[in-house]
Amino acid sequence: MKKHLNILAVLMTLLMLSGCEDDPTLTVLQKVSFAAAPEVSASEIVITDENKVETLLQVSWKAIQFPVEGPVTYTLQFETAADTSGVNGWSGAISREIGEDLLASSFSGAELNDIANQLGFEPGVEGVIAIRVQGTMSRNIFSPATAVRVTPIDVPEVVEYPSMYIAGDYQGWNIGAPSIISSVNDDGIYEGYIYIPAGGTNEFKLYAQPDWGPMSYGYESEGKIMEANFAGANFVAPSDGYYLFMVNLNEMTYQLIKTSWGIIGGATPGGWDADTPLTYDPDTQTWSVTADMKADGSFKFRANNAWALDFGLADGRPAYANHPWKAYVEQPHFTVPSDGNYTITLDLHIPGNYAYSIKKN
């Protein structure tokens with residue numbers, strides 16, 4: 001019996017030794033850190049109507065090295081200086097993802113103004129914005145912060161106008177999240193822009209309220225609408241695309257115009273002879289282009305390479321010059337402050353509150 005016990009003890013010892021040889025080597029997370037706070041091109045910025053289209057702030061930082069190779073995603077965070085410490089420090093920060101292995105970013109006056117507004121800064125009152133960098137691969141690493149003093153300006157508020165509501169196949173017949181057309185003059189004439197992606201029936205219907213009842217409108221004949229408080233009588237767009245939809249309840253008429261947008265003028269690559277096309281992004285609901293622009297000249301936004309539908313500038317917003325249902329209005333043109341490469345954006349998704357931006361790259 002004793003001999004058997006000795007043999008068993010030897011076998012158990014061998015098993016334990018072999019198991020130890022297979023155990024993985026224990027490791028701990030290696031320290032990763034930023035060498036310094038991000039560098040900024042200006043420590044004090046006063047935003048004005050004149051400089052809001054210019055690049056007012058450039059932020060740069062040094063790369064960080066994780067123990068394993070791979071792309072590092074960098075994000076800039078913006079927070080009020082008073083909210084960067086304590087347990088909840090940076091919890092309300094505004095983040096802007098910059099991208100993989102990118103070590104700099106720039107911001108126009110309009111973009112900084114938007115950040116300041118989101119942080120609760122008062123127009124015309126200087127506030128301090130803390131800026132730090134987040135580097136992300138296997139985990140998030142944060143840099144020390146840099147402070148920038150920013151004085152924002154007031155921006156046009158979104159004005160609510162009398163509206164009508166659109167649900168259709170293109171958005172899943174969801175009356176809870178409708179497209180909207182509005183009557184800026186409260187005169188029974190409504191308009192707005194809707195995007196209809198490919199792959200559906202292109203059918204939609206118009207409602208007097210953001211609900212299925214009591215009042216809805218539908219198609220009667222080409223250019224004519226009817227009260228349609230029942231199934232059927234849907235409008236049908238001829239194809240997918242981006243449409244201007246106009247309705248006149250006084251005459252029970254409508255017009256649906258497919259549009260593509262561009263810029264034209266002496267400031268643009270094509271001059272006054274050819275449109276530079278914009279590209280639509282359904283995620284941001286905006287049209288945009290990046291192009292080399294000239295300060296010696298001006299430009300306008302126009303649709304379909306024609307002078308039937310175009311925008312000038314009035315009260316800080318795009319304003320119609322030519323319009324199918326309105327008299328021509330001479331409007332000031334858009335300009336850029338200096339020669340250079342710009343990203344120009346047109347936003348038509350909120351009726352009566354059309355917007356634009358011009359950012360120098």
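Ring pairs join Tyr193, Tyr195, Tyr242, Trp261, Tyr280, Trp287, Phe311, Tyr320 and Tyr354 into a cluster; rings of Phe, Tyr and Trp (its six-membered ring) pair if their centres lie within 6.5 Å, with planes under 30 degrees apart counted as stacked, over 60 as edge-to-face and the rest as tilted. The model is predicted: local features need pLDDT of at least 70, side-chain atom pairs count only at pLDDT 80 or more, and totals for chains, interfaces and linings use all residues. Residues are numbered from 1 along each chain as its sequence is written, and side-chain values use heavy atoms, with hydrogens and water left out.

**Aromatic pairs**

- The count comes to 26 aromatic pairs.
- Tryptophan 61 and tyrosine 74 form a tilted pair, because their ring centres are 5.9 Å apart and their planes stand at 50°.
- Tryptophan 61 is in the loop between β3 (55–60) and β4 (73–80) and tyrosine 74 is in strand β4, so the pair ties together parts 13 residues apart in sequence; strands (E, at least two residues) and helices (H or I, at least four) are DSSP runs numbered from the N terminus.
- Tryptophan 61 and tyrosine 74 are both buried, a term for under 20% relative accessible area, against over 50% for exposed and partly exposed in between (1.4 Å probe, protein chains only).
- Phenylalanine 311 and tyrosine 354 pair edge-to-face, at 5.7 Å centre to centre and 70° between the planes.
- This pair links distant parts of the chain, 43 residues apart: phenylalanine 311 in strand β24 (residues 310–314) and tyrosine 354 in the loop between β26 (340–347) and β27 (355–360).
- Phenylalanine 311 counts as buried because its relative accessibility is 0%, and tyrosine 354 counts as buried because its value is 5%.

**Charges over rings**

- The charged end of arginine 132 sits over the ring of phenylalanine 142, 3.9 Å from its centre; the rule asks for NZ of Lys or CZ of Arg within 6 Å of the ring centre and within 35 degrees of the ring normal.
- Arginine 302 has its charged end over the ring of tryptophan 307, 4.5 Å from the centre of that ring.

**Largest pocket**

- The largest pocket holds about 1200 Å³ of space; a pocket is an open set of points on a 1 Å grid where a 1.4 Å probe fits, with protein on both sides within 12 Å along at least five of seven lines, and lining residues have an atom within 4 Å of a point.
- Of its 38 lining residues, Ala110, Asp114, Ala355, Tyr356 and Ser357 are the closest to the centre.
- α2 gives the most to this lining, with 6 residues.

Technical notes
Grid points are joined across faces, edges and corners, and a volume is the space filled by probe spheres set on the points.
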